Amino acid sequence: MNTNDAKKKDILVLAIESSCDETAAAVVRNGREVLSNIISSQISIHTEYGGVVPEIASRHHLTNINGVIDKSLEEANVSLDDIDLIAVTNGPGLIGALVIGVAAAKGLSFAMGKPLVGVNHMYGHISSNFISYPELEPPFVCLVVSGGHTSLVRMESYTKATVLGSTRDDAAGEAFDKVARVIGLGYPGGPKIEKAAKDGNPDAIYFKRVYLEKGSLDFSFSGIKTAVLNFVNSERQKGNEPKTEDVAIAFQDAVVEVLVEKAISAVKEMGEKKLVIAGGVAANGKLRDELARRCAEENIELFLPEKILCTDNAAMIGSAAYYKYIADGADDLSLDAYADIDW
Ligand code: KG4
Ligand code: ZN
């Protein structure tokens, strides 16, 4: 099938995702309709180490990937013969984890004679919105907040993002994970901080919001991690044990405020009316609530993917692959995995 035919008939994508600690496969029709979305999480395995251990992640991907792919086909009620396109995340991510998915996808593509498309994980995250919102089309401003990235981008088309601002140090999710470790909540940090914050007193502690230079759409989250550490240590030296829940809510509020205000500024600066959110941190309830409140005030239309599509999954990769295939065609079997890929 060539890309012209692609515009005429349905395209069923089998998508594979293994960039971090989720082994995932999905079947997606025409970039928008999810027929199956299987996620095998390794959270319980990595919890005992306090974070993702890359070597262990790779081994589990290897053990799980064929079963996850089979299950995605079975749940979608299709066979490999019915699939038009094999898609896989080929970066950014943990290199040893990525290569497992890429090898599986290349094997299937070669054995079945099906086209192969490598997908940038960040475009995948953004594309989760095309599943949650079937009417959504570019251009739009998107806040991408994950464990490895925090950026504000303008999606010019389905396949081209212009970066408006990025973190200069830690990603927002990384800050959640590091602070969770400092205050003894452990891994996975984001959901544990969110849960603890529900019982915190919002007025007990205040951490400074880091906005950088006036007008900047960049972020910096490494300072708040140090601020939390210093606060906890100095309280302990005074003989006080700070309440975990109070630290959690103070940290979460500081990060959320900056994410929300910078995202709103980006939308206004671009003269847009839509704000789209993507990435694992977008599953955070406080961030979702604050975005909804501020977007309503500013008359901005907000797009938030379902929580299961915020964190790593293969359905979003299937969506991004569909649009990449329509725009640029397929990759060949020399497709490689990259720990870092640019936008
Ligand atoms: O997008 P993602 O699943 O993987 C990457 O591409 O990095 O994002 C994972 C990140 C982790 O840092 C995790 O702590 C954070 O997303 N996260 C959350 C929540 N759920 C996941 N952060 C805050 N609140 C949450 N509920
Ligand atoms: Zn991700």
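User: What makes you say that helix 4 lies across strand 1, strand 4 and strand 5?

Analyst: This is a predicted model, so everything here is computed from predicted coordinates. Contact takes heavy atoms within 4.5 Å. Helix 4, residues 95-112, lies across strand 1, strand 4 (85-91) and strand 5. Its direction is at about 160 degrees to strand 4, on a scale that runs from 0 to 180 degrees between N-to-C directions.

User: What is the order of the strands in that sheet, and which ones stand at the edges?

Analyst: The sheet is open, has five strands in the order 3-2-1-4-5, and its pairing is mixed. Strand 3 and strand 5 (116-120) have a single partner strand each, so one side of each lacks a neighbour in the sheet, and that puts them at the edges. On average, neighbouring strands are turned by 20 degrees against each other, direction ignored.

User: How do you know that strand 1 and strand 2 pair?

Analyst: Pairing takes at least two bridges. Strand 1 (residues 12-17) and strand 2 have six, and they run antiparallel. A hairpin of four residues links strand 1 to strand 2.

User: And what about strand 2 with strand 3?

Analyst: Eight bridges there, again in the antiparallel sense, with strand 3 covering residues 33-41. Thr23 sits opposite Ser40 of strand 3. The hairpin here has three residues between the strands, and Asn30 in it takes a positive phi near 50 degrees.

User: Why is strand 2 called mostly covered?

Analyst: The cut-off for buried is under 20% relative accessible area. In strand 2 (residues 22-29), seven of the eight residues are buried.

User: Why are there zero disulfides by this rule?

Analyst: A disulfide is a covalent bond between the sulfur atoms of two cysteines. The rule wants those sulfurs within 2.5 Å. For Cys20, the closest cysteine sulfur is in Cys310, 16 Å away, so that is too far for a bond. Cys142 also has Cys310 as its closest, at 10 Å, and that is too far as well. The count is therefore zero.

User: What makes Asn313 buried, and which polar contacts does its side chain have?

Analyst: Its relative accessible area is 0%, so it falls under the 20% cut-off. Asn313 lies in the loop between helix 11 (307-310) and helix 12 (315-328). A polar contact needs N or O atoms within 3.5 Å. A polar side-chain atom of Asn313 lies 2.8 Å from the backbone oxygen of Thr311, and one is 3.1 Å from the backbone nitrogen of Ala315. Setting aside neighbours within four places in sequence, Asn313 is in contact with Glu17, Ala24, Asn37, Ile39 and Ile308.

User: Which residues come nearest to ligand 1, and how do you know that Glu194 has a polar contact with it?

Analyst: There are 18 residues around ligand 1, and those nearest are His125, Gly147, Asp177, Glu194 and Gly280. For Glu194, a polar side-chain atom is 2.7 Å from a nitrogen atom of ligand 1, and the limit is 3.5 Å. Asn284 also has a polar side-chain atom 3.0 Å from a ligand 1 nitrogen. Gly190 uses a polar backbone atom, 3.0 Å from an oxygen of ligand 1.

Key: Residues are numbered from 1 along each chain as its sequence is written. Chains are lettered from A and ligands numbered from 1 in the order in which they are written. This is a predicted model: local features need pLDDT of at least 70, side-chain atom pairs count only at pLDDT 80 or more; totals for chains, interfaces and linings use all residues. Side-chain values use heavy atoms; hydrogens and water are left out. Buried means under 20% relative accessible area, exposed over 50%, partly exposed in between (1.4 Å probe, protein chains only). Helices (H or I, at least four residues) and strands (E, at least two) are DSSP runs, numbered from the N terminus. A residue is near a molecule or strand if one of its heavy atoms lies within 4 Å of it. A polar contact is a pair of N or O atoms within 3.5 Å; within protein, one must be able to donate a hydrogen and the other to accept it, and residues adjacent in sequence count only if both atoms are side-chain atoms.
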